[in-house]
Structures are given as C-alpha cells and as structure tokens.
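My notes follow in the order I made them.

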Amino acid sequence: MTTPEPASRSRLVPWVVLPLVVVLLSCLGAAAGVLLARQDARPGGPSALDVTATPSGSASPSTRSARSSVVRLPKTLLGLAKTTDKTLLESAEKAAKTQRASEADTSQVLATYYGSFAKKNLVFVLAVQGEVVDADHLFETVTAALETQRKGLKLVEVAPGPLGGRAACGDSTVSGGTIAECVWVDSGSYAFVEFFGAKAATVQDKFIKARGQLETAAY
C-alpha cells in the first residue's frame, strides 16, 4: 500500500488516519471472520482498504473550539470487561502498533475489545489522542473511506454528546453478521467504536456513553 508523504510531525494531520483505517478494517475483518466462522463456517472479513490519495491543498485549523483530550481504555466499558480472546487481542494490538509507527508524535493509540462474541455483546475500540489540525476534514475523510470499504455502509451524522466534535454511526456486515459502526472526531482525538451484532439505531446512546468512558476533555 502506498501512503502519502507525511506533513510536519509536530501535528496529527488529517491524512494520518488513513493508514489507521486500513489496518482497522483489515484486523477487524480478520478477527470477526475467525469468530463468525466458528458459528456459521463461512469465510470472514473484508479485505483491507487501499488508500493512495492525499487531500488537496493544505489543512487549515478547524473553526471548532480547540482543546486537548485524554483517551484511555477503562477496565470495563458499558459494563463489559476487556476480552481475553487471544485472536482479538492480537488483532487490536496490531492495529494500535501500526498506527503508532505511522505517527510517532501521537500521544496515545489504544485498541482493545470488550465483551464476548459468544454473548453477542462484543465491542471493538480504537482511540487516538493527539492534536487534529482540521477535525472537519478528518471526519469527512474517515467516513468516506469507511463507506468505500464496507459495501452498503451509510454513515449518518449523529449527536456527538457533551464532548462535542463530530460523530457518525452506520450499519455494516461481516460474514453475514451485523456491526454498528460509530466514529468520533474532535480537535484532540478520534476513535472508532464497533458494536457487533447490533444496529446503529439502537446503539447511539451507548456510543455517547462509551465515549464518555474512553475520552476526557482537557481544555
């Protein structure tokens, strides 16, 4: 995969997220496919997204109120404990390690799964902490990339909750299983939260609550 030339490493530029989207979708698909295959014996997982385009022009600061953020992985999320499944843990760590390598100045890159596939409450989280130069552009880039990768996925902008920024959720499928995909972007962080076996219309309140447990604003 060809990646764009990096801009100044002092900032988390909008197109830094593109390698993350590639790895996220690849790892998520692989892990989901393994688990879904155990249930229905179907081959799993979408292929990785190959993004080669760079945004036109230079990024300008977002007009939204700038602030820093702190992201973390709590012991439990929405009452769900972190998974102990080896396949899922390896998948999450691969996604986090690749993003760390693509942007050394990123403050935090965290990823894990909560809950259990067997109990139909599995949740995947990948959260990145760092200064986002143009949060609006990053939001549009990420949502467009996700929709391109996942056939039939239509991300709809939703209320981001008290932490602000922009957020969207939509429905996709992996090996016949439904996944509610949500993303947030603000001036201090961005993240993906995936709810396996759920519909986007039913998880929006959970998404806002999960974000509040994963991110803390630091003005």
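**Helix H3**

I began with helix H3, residues 135-149. At 1.5 Å a residue its 15 residues should span 21 Å, and the end C-alpha atoms are 21 Å apart, so the two values agree. I keep in mind that this is a predicted model.

Next I looked at the start of H3. A side-chain oxygen of Asp 134 comes to within 3.3 Å of the backbone nitrogen of Asp 136 there.

Which residues of H3 are buried? I listed Ala 135, Leu 138, Phe 139, Thr 141, Val 142, Thr 143, Ala 145, Leu 146 and Gln 149.

**Aromatic pairs**

How many aromatic pairs does the structure hold? I found 3.

I took Tyr 113 and Phe 196 to begin with. Their ring centres are 6.5 Å apart and their planes stand at 45°. Stacked needs under 30 degrees and edge-to-face over 60, so I noted this pair as tilted. Tyr 113 sits in strand S4 (residues 108-114) and Phe 196 in strand S9 (residues 189-196). The pair therefore ties together parts that are 83 residues apart in sequence.

I then turned to Trp 184 and Phe 207. Their centres are 6.4 Å apart with the planes at 45°, so I noted a tilted pair. Trp 184 belongs to strand S8 (residues 177-185) and Phe 207 to helix H4 (residues 200-214). This contact ties together parts 23 residues apart in sequence. Trp 184 is buried at 0% relative accessible area. Phe 207 is buried, also at 0%.

I also checked for a cluster. Tyr 113, Phe 124 and Phe 196 form one.

**Disulfide**

I searched for disulfides and the count came to 1. The bond joins Cys 169 to Cys 182, with S to S at 2.1 Å. The angle about the S-S bond is 115°, and the link is right-handed.

I looked up the accessibility of both cysteines last. Cys 169 is at 3% and counts as buried. Cys 182 is buried as well, with a relative accessible area of 2%.

How values were computed: Residues are numbered from 1 along each chain as its sequence is written. This is a predicted model: local features need pLDDT of at least 70, side-chain atom pairs count only at pLDDT 80 or more; totals for chains, interfaces and linings use all residues. Side-chain values use heavy atoms; hydrogens and water are left out. Rings of Phe, Tyr and Trp (its six-membered ring) pair if their centres lie within 6.5 Å; planes under 30 degrees apart count as stacked, over 60 as edge-to-face and the rest as tilted. Helices (H or I, at least four residues) and strands (E, at least two) are DSSP runs, numbered from the N terminus. Buried means under 20% relative accessible area, exposed over 50%, partly exposed in between (1.4 Å probe, protein chains only). The expected span of a helix is 1.5 Å times one less than its number of residues. A polar contact is a pair of N or O atoms within 3.5 Å; within protein, one must be able to donate a hydrogen and the other to accept it, and residues adjacent in sequence count only if both atoms are side-chain atoms. A disulfide is a pair of cysteine sulfur atoms within 2.5 Å.
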